[in-house]
Amino acid sequence: MSWRFEELLSVMDFYMEPHISLSVASALKRHDALYVVGALEEAMELRGMRYHPIDIETSVIRTHKSITECAVFTWTNLLVVVVELDGSEHEALDLVPLVTNVVLEEHYLIVGVVVVVDIGVIPINSRGEKQRMHLRDGFLADQLDPIYVAYNM
C-alpha cells in the first residue's frame, strides 16, 4: 500500500502524540522512509540520546556463539548488559571484552556493568517479551546469582 505524505501525517496525528508526529514528519520529509524500531517507553536515554534496547541486545547476541540471550537496562546513568551463557563458566571472563567492544563500536556507548548469568535468568513474559525492569530489580536486590560481574567504571 502506498501512502501519500499528507495521508500518512493525518493518520499519525490521529494515533500519536503531537511531538512524535512532528519528529516523524520531519524524518519523512528528509528521507522518505519511516522505521519503527520499538516502543517509545522502552527507549533508554544515555548521554542525551535515545537508544532502543533491542538494537544493543541484537549486537551483543551476535558477538559470541555461547551468548543465548541478552537484556540491557540503565542504572544510575550506566548501561548494564546482562548476557545468558550457554557454555562453561571459564568462558564468562572472555565475554566481557567482546560485549564492551561491540557496544562501543556499533553504538558508541560505554558499558558500565556486564553481568554473565546462567540460561533462564532473564525473565520473559507469556508473550515472549523481556521483562527488563524485573531484571533490573533483581540486579539491584542482588538476586541474579551471576557467574561473573564486571564493573567498567
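Let's start with a pair of side chains: those of Glu 57 and Lys 130 make a polar contact, at 3.0 Å. Keep in mind as you look around that this is a predicted model.

Where does Glu 57 sit? You'll find Glu 57 in helix α3, which covers residues 53–61. Its relative accessible area is 0%, so Glu 57 counts as buried, the cut-off being under 20%. And what does Glu 57 touch, once residues up to four places away in sequence are set aside? The list is Cys 70, Ala 71, Val 72, Lys 130 and Arg 132.

Back to Lys 130 for a moment. Its side chain and that of Glu 57 also meet in a salt bridge, with N to O at 3.0 Å. This pair links distant parts of the chain, since Lys 130 is in the loop between β5 (111–117) and α5 while Glu 57 is in helix α3, 73 residues apart. Are these two buried or exposed? Lys 130 is buried, and Glu 57 is too.

Lys 130 has another partner. Its side chain meets that of Glu 69 in a salt bridge, this time with 2.8 Å from N to O. Here again distant parts of the chain are linked: Glu 69 belongs to strand β3 and Lys 130 to the loop between β5 and α5, 61 residues apart. Glu 69 and Lys 130 are both buried.

How many salt bridges does a search of the whole structure find? The search finds 5. One of them joins the side chains of Glu 129 and Arg 127, at 3.1 Å from N to O. How open to the outside are these two residues? Glu 129 is partly exposed, with 39% relative accessibility. Arg 127 has a relative accessible area of 66%, so Arg 127 counts as exposed, the cut-off being over 50%.

Next, the aromatic rings. There are 2 aromatic pairs in the count. Take Trp 75 and Phe 139: their ring centres are 5.4 Å apart and their planes stand at 80°, so this pair is edge-to-face. Trp 75 lies in strand β3 (residues 67–75) and Phe 139 in helix α5 (residues 132–140), so the pair ties together parts that are 64 residues apart in sequence. Trp 75 is partly exposed, its relative accessible area being 22%. Phe 139, at 11% relative accessibility, is buried. Which residues do ring pairs link into a cluster? The members are Phe 73, Trp 75 and Phe 139.

One last stop is Val 96, which you can pick out in helix α4, residues 92–107. Buried or exposed? Val 96 has 10% relative accessibility, so it counts as buried, because that value is under 20%. Which residues is Val 96 in contact with, leaving aside neighbours within four places in sequence? They are Val 114, Tyr 148 and Ala 150.

Key. Residues are numbered from 1 along each chain as its sequence is written. This is a predicted model: local features need pLDDT of at least 70, side-chain atom pairs count only at pLDDT 80 or more; totals for chains, interfaces and linings use all residues. Side-chain values use heavy atoms; hydrogens and water are left out. Helices (H or I, at least four residues) and strands (E, at least two) are DSSP runs, numbered from the N terminus. Buried means under 20% relative accessible area, exposed over 50%, partly exposed in between (1.4 Å probe, protein chains only). Contact means heavy atoms within 4.5 Å. Rings of Phe, Tyr and Trp (its six-membered ring) pair if their centres lie within 6.5 Å; planes under 30 degrees apart count as stacked, over 60 as edge-to-face and the rest as tilted. A polar contact is a pair of N or O atoms within 3.5 Å; within protein, one must be able to donate a hydrogen and the other to accept it, and residues adjacent in sequence count only if both atoms are side-chain atoms. A salt bridge is a side-chain nitrogen of Lys or Arg within 4 Å of a carboxyl oxygen of Asp or Glu.
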